[in-house]
Amino acid sequence: MEKMKYAEELVREFLVFRGFTSTLQSFEKELATDIGRGFQVDKILDLIFSVYIPKFEAEKLFDLLSFFKNCFSYSDSDLIAVLSKLDQSIVRYYIVNALKCGRKDKVLEFFGCFGNDLIRRDESWNSWFAIPYLQNPHLDPQFRVYFSEEWFRSLHITVRNFLSEILNGTRTPALLKISSERDNVNHLKKEIKKLSLKLSQVQSLLEEKEALLFLSRSDSEAAKFQPNMPYESQVNSTSLMEEREPFQTRDNDQIVESNEARDNFSDRSEENQRSETHQASVDDSAVGNSYSLQNEEDFPEVKPVFQDTFMGHTSPISCSRFSASGDNIASSSIDGTVRIWTYDSSAPTSRNATIYCGAEVMSLEWECKSDRLLLIGTSDGGIKAWNVDAKRVVCDLTSTEAYPSILDLKCSPVEPIFVSAAASKRQGTGYVDNLGFASLTVWNMRTWKPVTVLPLGDDPPAITSLSFNHNGKLLAAAATDGMIHMFDMSAGLQVTGWPAHDSAISSILFGPDETSIFSLGTDGNIFEWNLQNQGKILWSRNCNRYCSPENSSRHQMALDANGRNLLVTSNLTRAPIYQVRGQMSGMRSLPHSGSITAVDWHPTLPIFLTGSSDHSVRVSSIK
């Protein structure tokens, strides 16, 4: 039945595309009668012997029998002959049943409508025209057999067996084959995605092993040049190599030792840079200058397995997000338009839609448990809940007039709630300067009413980004004063916070293992913070080449499913992909013709998207 429905959808789509509206109406009318009953034998038998014949619906009975003749007209002549004999027996049973019920008028009406057609088919019908006028037709030798219960049971069994045989062995129509082929293609694509994911994991592991092997060989080569060194120097060199941390984190732990004091936060960036430079030089000397971090200009360009570019917007992209399953994508542009689409040609397009919001869209968020709801936050304080199946707005909320900008929305991964980060407005020259005070509101997604307002103190700076942890018990909020706030959602209270940046924070994300949190400042600094040791930095990068402090736009970042690759928006035409605590420094995305304004990763696969000021959204799959 699913294949049948898909074929019907294809027919509808073609008729609408060609503008055959009259044919479409006739098609819908035919479907309403469900004349073939989806080729289910029991239902067809019920239709004949329990509906059409007992209710004397002769015209519908004839239409059904004609339908089957047309369906199997391509079959061999023997099959057509058998079908014609069964057709004749079913029609005769109709007449016999009418006489048994005392409805001679229905027999006369039947012959009046279909008599000429019956005579043209078979001359044996001539004698049947006398049956309505016989006093006791059930006693007549010619008709007696048709009134017996044995004949009816034999007819019923014969029709059942014939339909079961012919419908199970019939040639599959071409439209139904399309559905089967689509299912096969989808299955193969899913298998390819799974294998691609496994391949990427194996390749990442191989890269790590090769880097460690390379480092080990370099150490061995350096040791060969030390036999003439004084004993004390050899000991110091050996100690240096033994004390070196694993390859992934040797730079970072030296950075974080100087980051304990919050009062010295303003000096931390310079200290980190000096520490990184010093450590890099020590490592280089230890391995014979064989390794150095790549400059961002030297990042290799990604080599996508496949890519697709969506050109459905008419203004720069402001946000773009994969759905919870990754099957659908929601993208918005600054003209207030939201488009829902799919990059997979084999996926159904029934959810594709265009939503006109009437104001600039500042945030998008999919419901975490399904792809059914999309939340849209706008610059005029509006929050729309779009049902992708019903293709309509199921709720249209409005923030208070004092906080008209909905900067971010986040759904709990467990509870039916979401949090909105709204901000007041003030006069300024840039994105951050235009933001005033913050308001964090918790909403119930069943009643669509506010539950509580999270406490931030008096006149709190605007909250630009939100992130839930895996169980929804913790909410991280990033502010324009560089602070990170942590909330206990069960109590609705702030439990901790610390100054993370000297500048405003643009984006914040929990790490995949939930023991760290990433923050991106408007100054271009990226930090990974240890949640078990507050204030300790596990990893850092400076991407101000891509996220220039002079640029007033809002930057975003996204982590892949494994937490290995961090994708960041860019003032340039390419977006950097940093490898978190890995051996490779990073990669660069394929170029757009404008700056990169939105980024996101597929929730499970190595697929990412980049939205651009050139009005396009590109989806790329990497190894």
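These legends describe close-up views of one predicted protein model.

Residues are numbered from 1 along each chain as its sequence is written, and side-chain values use heavy atoms, with hydrogens and water left out. Because the model is predicted, local features need pLDDT of at least 70 and side-chain atom pairs count only at pLDDT 80 or more, while totals for chains, interfaces and linings use all residues.

**View 1. The whole protein.**
The protein has 11 helices and 28 strands. Helices (H or I, at least four residues) and strands (E, at least two) are DSSP runs, numbered from the N terminus. Of the 623 residues, 48% count as buried. Buried means under 20% relative accessible area, exposed means over 50%, and partly exposed lies in between (1.4 Å probe, protein chains only). Contact means heavy atoms within 4.5 Å. Among contacts with a separation of 6 or more, 52% are between residues 24 or more positions apart.

**View 2. The open sheet β2-β3-β4-β5.**
Four strands form this open sheet, in the order β2-β3-β4-β5, and the pairing is antiparallel. β2 (317-322) and β5 (353-356) stand at the edges with a single partner strand each, so one side of each has no neighbour in the sheet. From one strand to the next, the twist averages 15 degrees. Such angles run from 0 to 180 degrees between N-to-C directions, and the axes are lines fitted to C-alpha atoms, for helices over the stretch in contact. Two strands pair if DSSP finds at least two bridges between them. Five bridges join β2 to β3 (residues 329-333). Cys-319 stands opposite Ser-332 in β3. Strands of a sheet pair through backbone hydrogen bonds, either parallel or antiparallel.

**View 3. The open sheet β1-β28-β27-β26.**
Here, too, is an open sheet of four strands with antiparallel pairing, in the order β1-β28-β27-β26. Its edge strands are β1 (306-310) and β26 (596-601), and each pairs on one side only. The twist averages 15 degrees from one strand to the next. Inside the order, β27 (residues 607-612) and β28 (residues 617-621) pair in the antiparallel sense over five bridges. Gly-611 has Val-617 in β28 as its bridge partner.

How many residues of strand β18 are buried? Six of the six residues in β18 (505-510) are buried. Five bridges join β18 to β19 (residues 516-521), and the two run antiparallel. Ile-505 stands opposite Gly-521 in β19. Five residues lie between the strands of the hairpin, and Glu-514 takes a positive phi near 65 degrees.

**View 4. The bent helix α6.**
Helix α6 (residues 104-121) bends by about 65 degrees at Phe-114. The bend at a residue is the angle between axes fitted to the seven residues ending there and the seven starting there. Phe-114 itself is buried. So are other residues of α6, including Lys-106, Val-107, Phe-110 and Leu-118.

**View 5. Two aromatic pairs.**
Rings of Phe, Tyr and Trp (its six-membered ring) pair if their centres lie within 6.5 Å; planes under 30 degrees apart count as stacked, over 60 as edge-to-face and the rest as tilted. By this rule there are 26 aromatic pairs. The rings of Phe-62 and Phe-110 have centres 5.9 Å apart and planes at 55 degrees, so this pair is tilted. Phe-62 lies in helix α4 (residues 58-71) and Phe-110 in helix α6, so the pair ties together parts 48 residues apart in sequence. Both Phe-62 and Phe-110 are buried. For Phe-418 and Trp-443, the centres are 6.0 Å apart and the planes at 5 degrees, so that pair is stacked. Phe-418 is in strand β11 (residues 417-425) and Trp-443 in strand β12 (residues 435-444), 25 residues apart. Phe-418 and Trp-443 are also buried.

**View 6. An aromatic cluster and charges over rings.**
One aromatic cluster includes Phe-49, Tyr-93, Trp-125, Trp-128 and Phe-143. A charge sits over a ring if NZ of Lys or CZ of Arg is within 6 Å of the ring centre and within 35 degrees of the ring normal. The charged end of Arg-92 sits over the ring of Trp-125, 4.7 Å from its centre. Elsewhere, the charged end of Arg-545 sits over the ring of Tyr-546, 5.2 Å from its centre.

**View 7. Asn-97 in helix α5.**
Asn-97 lies in helix α5 (residues 77-100). Is Asn-97 buried or exposed? Its relative accessibility is 13%, so Asn-97 counts as buried. Leaving aside neighbours within four places in sequence, Asn-97 is in contact with Ile-53, Pro-54 and Phe-56.
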